[in-house]
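Hi everyone, thanks for making time for this.

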Amino acid sequence: MSFVRYDAECDFPIQNLPYGVFRAERGTRCCVAIGDKVVDLKVLADAKCFDEEVNAAFQEETLNKFMGLGKKHWQATRAKLTQLLGVGEGSLDNNALIRDQALLDQTSVKMQLPCRIGDYTDFYSSREHATNVGKMFRPDGAPLLPNWLHLPVGYHGRASSIVVSGTDIRRPCGQTRPNDNEPPVFGPCKLLDMEVEIGAFVGPGNKLGERITMQTVKDQIFGLTLFNDWSARDIQKWEYVPLGPFLAKSFASTISPWIVTMDALEPFICDGPPQGAEGDPQPLPYLQQPFPGSFDINLSASLKPAGRDNTVRLCNTNFKSMYWSVFQQLVHHTVNGCNMNPGDCFASGTISGSTPDSFGSMLEISWRGANPVDIGGGQSRRFFQDGDECMLRGHCQGDGYRIGFGPCDGTITKALEC
């Protein structure tokens, strides 16, 4: 229980306490969310509420230093924040001076990216999504490529174009080849898509030439966030062979402002799809996961069409359907000795379920444009148009409370002149 009031549908109860960074007149500060408030962690650090290393980390304008401190410090800080924001002995409610300085209305601040994202990798870990894409683009072959059931497929993305929720997304330009019998053309993307994903942030990381193993990986992931991997499908189709996506992905990715910690998500850990069942290959030993590694996170995507006030639900899906877990992804990422640093981000890949209403991209929802989505008023969408807003939401449902991720929104603006 907290002295901060909120209802059962609030994304940010005391059981959550996600981390973020805000900007206000007082400066740029690390914070946690509770109810409709942000808690300025610099105020609490200045009051020596935490241990020396954590107090120093919260003097920073990003969460990177705190992320690098590791699980012991994360858990001790969470326990202290739970006491400070609770009721009874040690509560901030008993110290009006610090309480009133530390607690701010969320509406009075502007949320920023929560950390410096040095590197970003995107995976491709939903069996349903990979199967759907394979059926569309390789109708005469096996939907899954030979390596897919053996390793988490991924590519190195562009960290510099990851933006926080609420940032407009400019329609990209690039080369496309709409007619296979004619040369490529240059112009604005015509098949602009979203991808419902979860992003994970690295904690302490590992040195170059060393590995994160299945025995240590749980100490290495700081938390999860919502992630929209915007995708230019027509640019992607022309450019992706042989090295994978490039300009089709690098123009923008949107994340929610909040990082939900692994401790907050612990009650929602669950088993993912079985691996090595029904004739599927067993993962190699380094990828075999001796613990449940998925999370029961309800996810949705909605569209607010340009010039309209209504929203249209595009899909409802769940993170627990992912074949490869965040733990397997990070272990595989470092198996060659690749070094990871605090604040590095890796995303899950599109999260699709087994039914059309759970597909996590417009490519699948409209089935490559063959099945337009009715948005009412005599209009439909195959892909996103200028002025459309895409809104991702996610939460874990507890007993009388929910662990939410906040908004992950972006509005499409017109392309530059081509």
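Let's begin at Phe-319. Leaving aside residues up to four places away in sequence, Phe-319 touches Ile-198, Leu-224, Ser-294, Phe-295, Ile-297, Leu-299, Val-326, Ser-348 and Ile-351. Please keep in mind that what you see is a predicted model.

Now, which members of the largest nonpolar core touch the most other members? They are Met-194, Leu-224 and Phe-319, in a core of 61 residues. There is also a second, separate core, with 43 residues, and among them are Ile-34, Met-67, Ala-102 and Tyr-155. As general background, nonpolar side chains in soluble globular proteins tend to be buried together.

Let's turn to charges. Side chains of opposite charge can pair when their charged atoms come close. How many salt bridges does the structure hold? The count is 17, and I'd like to show you three of these pairs.

Here is one: Asp-105 and Lys-37 meet through their side chains, with 2.5 Å from N to O. Asp-105 sits in strand 4 (residues 103-105) and Lys-37 in strand 3 (residues 37-40), so this pair ties together parts that are 68 residues apart in sequence.

Next, please find Asp-280 and Arg-127. Their closest N and O atoms are 2.7 Å apart, and they form a salt bridge. Asp-280 belongs to the loop between strand 18 (269-270) and strand 19 (294-295), while Arg-127 is in helix 6 (residues 127-137), so the pair ties together parts that are 153 residues apart in sequence. Asp-280 counts as buried, with 16% relative accessibility, because the cut-off for buried is under 20%. Arg-127, at 27%, counts as partly exposed.

Last, look at Asp-193 and Arg-233, another salt bridge, where the closest N and O atoms are 2.8 Å apart. This pair links distant parts of the chain: Asp-193 is in strand 12 (residues 192-193) and Arg-233 in helix 7 (residues 233-239), 40 residues apart. Asp-193 is buried, with a relative accessible area of 0%, and Arg-233 counts as buried too, at 9%. Which residues join them in a network? Through salt bridges that share partners, Asp-193, Glu-195, Asp-229, Arg-233 and Lys-249 form one network.

Key:
Residues numbered from 1 in each chain as written. Predicted model: local features only at pLDDT ≥ 70, side-chain atom pairs only at ≥ 80, totals over all residues. Heavy atoms only, no water. Core = buried A, V, L, I, M, F, W, Y, C linked by side-chain atoms within 4.5 Å. Buried < 20%, exposed > 50% of the residue type's maximum accessible area, 1.4 Å probe, protein only. Contact = heavy atoms within 4.5 Å. Salt bridge = Lys/Arg side-chain N within 4 Å of Asp/Glu carboxyl O. Helix = DSSP H or I, 4+ residues; strand = E, 2+ residues; numbered from the N terminus.
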